[in-house]
Amino acid sequence: MGCLACAALMLDRGGITLYRKESSPIPVEADSICPDRFLGRGPAEIAALPAYYGRRRVTLGDLFEVDGAGADNITVTGDLRHVKKIGLGMSMGRISVTDDVGPHLGAYMSGGEISAERSAGDWVGAHMKGGRIVVQGDAGHFVGAAYPGEPRGVTGGAIIVGGNVGGEVGARMRRGSIVVGGDTGEFAGAHMIAGSILVFGRLGARPGAGMKRGSIVAFGDAPKLLPTFRYACRYEPAFLRFYVRRLEEWGLSIDSVAADGCFRRYLGDTNQSGKGEILVRDQSQ
Amino acid sequence: MRINGVEIEDTFAEAFEMSGARLIVTAHTQSWALTAAQAATGFATSIIGCGCEAGTNELAPDDPTPDGRPGVAALFFTTSRQGMETQLLQRVGQGIMTSPTSACYNGLASGDAIKVGGKLRFFGDGFQSSKFLDGRRLWRVPVMDGEFVVEESFRVSKAVGGGNFFIMAEGIEAALAAAETAVGAMRSVPGVIMPFPGGIVRSGSKVSSKYKGQHVSSNTPFCPTIRPLVESALPDGVEAVLEIVIDGLEEDLVGEATRVGVVAACLPGVVRISAGNYGGSLGRYQFHLRELVGT
């Protein structure tokens with residue numbers, strides 16, 4: 001996927017395709033790549049939308065080949081490892097990213113869908129309000145988290161990461177769902193206010209530190225929990241079965257049977273209200 | 001027109017517009033799902049005295065429950081949306097929430113939303129919590145065997161109530177055998193219920209009475225024991241009549257259930273199949289027997 005011919009193939013997806021012209025470690029701020037910004041604009045007008053190349057103000061056309069038509073289906077391809085803020089604040093439509101993508105993917109989005117076929121950087125879906133982000137590979141730190149100084153992170157929507165994520169996934173999230181197919185780093189759900197984090201791999205250390213409410217669910221291995229979490233019971237949570245089946249309906253390759261057994265329920269963090277829960281699948285069954 | 005020698009009277013059933021709701025009740029086992037649904041749909045034979053008409057429906061094998069557990073559908077019919085909210089609050093709260101391992105979900109794709117789980121949640125005394133996914137909010141109410149999961153809102157759609165047909169037979173044995181066979185066949189039609197005991201009613205009613213304040217009374221023209229005292233609607237040789245009442249979520253479903261039931265009821269000893277109507281002046285829907293079973 002490193003040539004314009006490949007970019008032309010992308011046109012088969014319909015909509016507008018942006019192909020990164022060159023590889024560069026210089027960070028690019030491309031928050032203009034957003035269906036809301038593309039609406040009512042042709043390729044030439046889209047190419048004229050602003051972007052930042054390092055500190056330099058440029059246009060999308062300086063960095064990307066723009067082709068196709070239709071604002072509600074955008075494909076972005078090429079070397080995107082240092083391209084930030086794709087889909088920032090989007091409220092509708094769909095963005096498909098075919099290669100590894102940089103940080104802040106879908107931050108502040110309120111609707112629509114972003115699909116990243118490979119991995120994504122830090123801050124995926126930060127402050128997300130609605131819609132859906134699917135990252136098929138790994139994602140970095142602070143997935144669905146709140147930016148420093150902000151009281152709450154995700155307030156709606158769903159973030160699905162097929163691979164591993166870094167630390168502090170869902171930190172300060174207020175609502176919504178985060179699903180991790182692989183492992184998480186430390187402090188998953190730190191200071192979580194509400195919402196759900198489902199982890200199918202290994203849950204990293206110190207999950208739920210400072211959480212008020214909300215659910216962290218470990219389908220795989222879980223670490224020893226903080227002493228501020230207290231064991232409640234072993235039971236079969238029906239809501240979890242509902243939850244996992246909806247994820248299956250979305251087309252995610254999740255084994256719904258994983259939710260069918262018993263879970264051990266821990267409540268905490270008692271440093272807060274103590275009404276948050278960590279559900280750990282009982283591996284003895 | 002005759003089927004297996006049974007006369008199909010050239011008449012129609014007159015049915016009315018109602019409000020319908022479909023709930024999916026799940027539990028740890030099929031038996032407990034059915035128990036919960038039956039508790040919620042109990043004492044719901046007639047809108048006249050029960051506040052609603054209700055019954056259960058088996059789910060098709062290719063119709064999985066929202067949580068993947070064994071389950072059954074419970075159908076409720078009322079005359080108003082407001083009445084439905086009142087009934088569901090009481091019946092889900094007392095019949096389903098109380099039943100071990102149960103959970104309760106909305107089973108209709110469209111219609112007005114009425115808040116049921118969103119009110120029952122207060123039973124959780126502040127320890128209830130919710131999950132919101134795909135536009136659906138579930139309430140998790142702590143109970144002594146774990147959690148009662150109930151959807152915040154249930155959909156209420158326009159429905160059809162009061163489809164019916166009469167089985168007029170030579171005696172009670174033949175009438176009962178025909179009615180039981182008919183109900184058994186009609187249960188294969190999804191989205192309909194036969195709300196009376198076992199799907200069969202013997203005390204059909206008319207909407208008049210000689211007594212002040214009594215709005216309905218026994219359907220005396222069809223009562224064999226007083227045949228000489230009234231203007232009887234019973235043909236010669238008929239000694240017992242049973243009625244099957246049908247409520248459904250859609251007009252077509254009620255028609256199909258009527259067709260299936262009438263055909264199945266044409267057994268030896270049955271003299272005539274008829275239907276109840278008010279001359280077509282009251283109900284919005286008419287189900288003509290001969291049209292349904294094919295001329």
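Chain A and chain B touch through 20 residues of chain A and 20 residues of chain B, where contact means heavy atoms within 4.5 Å. This is a predicted model, in which local features need pLDDT of at least 70 and side-chain atom pairs count only at pLDDT 80 or more, while totals for chains, interfaces and linings use all residues. Residues are numbered from 1 along each chain as its sequence is written, chains are lettered from A and ligands numbered from 1 in the order in which they are written, and side-chain values use heavy atoms, with hydrogens and water left out.

Back to the interface. The two chains bury about 1700 Å² between them, with 57% of it on carbon and sulfur atoms. Buried area here is the accessible area, taken with a 1.4 Å probe, that two parts lose on being put together, summed over both. On the chain A side, Ala238(A), Phe239(A) and Phe242(A) lose the most area to chain B, and together they make up 32% of what that side buries.

Next, the domains, whose bounds come from an automatic or database domain assignment. Chain A has domain 1 at 1–83 and domain 2 at 119–281. Their centres, taken over C-alpha atoms, are separated by 32 Å.

In chain B, domain 1 is written in two pieces, 2–14 and 161–293, and domain 2 covers 18–157. The C-alpha centres of these chain B domains lie 30 Å apart. Domain 1 of chain B puts 14 residues into the contact and domain 2 of chain B puts in 16. Between them, about 1100 Å² is buried, and carbon and sulfur atoms give 67% of that. Within domain 1 of chain B, Ile193(B), Pro195(B) and Leu249(B) lose the most area to domain 2, together 48% of what that side buries.

Now two helix pairs in chain B. Helices (H or I, at least four residues) and strands (E, at least two) are DSSP runs, numbered from the N terminus. Axes are lines fitted to C-alpha atoms, for helices over the stretch in contact, and angles run from 0 to 180 degrees between N-to-C directions.

The axes of α1(B), residues 30–41, and α3(B), residues 81–96, come within 8 Å and cross at roughly 140°. That makes α1(B) oblique to α3(B); angles under 35 degrees count as roughly parallel, over 145 as roughly antiparallel, 65 to 115 as roughly perpendicular, and the rest as oblique. From α1(B), Ala36(B), Ala39(B), Ala40(B) and Thr41(B) meet Arg91(B), Gly95(B) and Ile96(B) of α3(B). These contact residues divide into 4 nonpolar, 2 polar and 1 charged. Ala, Val, Leu, Ile, Met, Phe, Trp, Tyr, Cys and Pro count as nonpolar, Asp, Glu, Lys and Arg as charged, and the others, Gly among them, as polar.

In the second pair, the axes of α5(B), residues 172–186, and α6(B), residues 251–265, come within 8 Å and cross at roughly 145°. Among the residues in this contact are Ala178(B) and Met186(B) of α5(B), and Val260(B) and Gly261(B) of α6(B). This contact divides into 8 nonpolar, 2 polar and no charged residues.

Last, two backbone details in chain A. The peptide bond from Gly268(A) to Asp269(A) is cis, with omega near -5°, and Asp269(A) sits in the loop between β16 (263–268) and β17 (276–281). Arg172(A), a residue other than glycine, has a positive phi near 60°; its place is the loop between β11 (155–161) and β12 (175–180).
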